Amino acid sequence: MILLVHHGDAIGADIEPMRPLSEPGRAASARLAAAAASRGVSPDIVWHSGKFRARQTAELFWRACNPLAIFSLARGLQPTDPPGRMLEQLKGDRRSILLVGHMPHLGRLLRVMCGESPDSSATGVTTGTPSGATTDFPVHGCVALERQGEIWKEIWRLESER
């Protein structure tokens, strides 16, 4: 299983340049992590982009889901990174991985993983997505994927309470 997670709500750069999670963002991320854990999420690896807000969100998931998992920064999770970079890292890796990143990268990565073009419109059902699913990424939420051959299928998603 792969779990894609958008970092929690962060403080504005005008207030704090490192952009840590806001208190509501931290609380919402902790609830989201607990909900993921209750669905059986127990990753072997937790990767984050290295940005402070992503690392803080990843730590909340790591503690809630599997504090024995490998926890590290991973290349390919920055907001403007091409989705193919992370896709290449995931190719052939059968471990359960939790990725914490940013928009618009996560939306593009989700589309590519589900067999769509990264630039295709994500409004509605398209090739590679389960019936009734969408590849719009939930803001401050998460999407669980299961490998099916060369593509992944969305199995569930959780949206953050704002």
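Select aspartate 81 and arginine 85: their side chains meet in a salt bridge, 3.2 Å from N to O. The term covers a side-chain nitrogen of Lys or Arg within 4 Å of a carboxyl oxygen of Asp or Glu. Aspartate 81 is buried at a relative accessible area of 10%, while arginine 85 is partly exposed at 43%. Buried means under 20% relative accessible area, exposed over 50%, and partly exposed in between, with a 1.4 Å probe and protein chains only.

The model is predicted, so local features need pLDDT of at least 70 and side-chain atom pairs count only at pLDDT 80 or more, whereas totals for chains, interfaces and linings use all residues. Residues are numbered from 1 along each chain as its sequence is written, and side-chain values use heavy atoms, leaving out hydrogens and water.

Next, select aspartate 93 and arginine 95. The closest N and O atoms of this salt bridge are 2.7 Å apart. Aspartate 93 counts as buried at 13% relative accessibility; arginine 95 is partly exposed at 37%.

Move on to strands E5 (residues 142–148) and E6 (residues 151–158), which pair in the antiparallel sense over 7 bridges. Strands are DSSP runs of E, at least two residues long, numbered from the N terminus, and two of them pair if DSSP finds at least two bridges between them. Alanine 144 stands opposite tryptophan 156 in E6. In the hairpin, 2 residues lie between the strands, and glycine 149 takes a positive phi near 70°.

Finally, select glutamate 154 and arginine 157, whose side chains form a salt bridge of 2.7 Å, N to O. Both glutamate 154 and arginine 157 are buried. The structure holds 4 salt bridges.

How values were computed. Helices (H or I, at least four residues) and strands (E, at least two) are DSSP runs, numbered from the N terminus.
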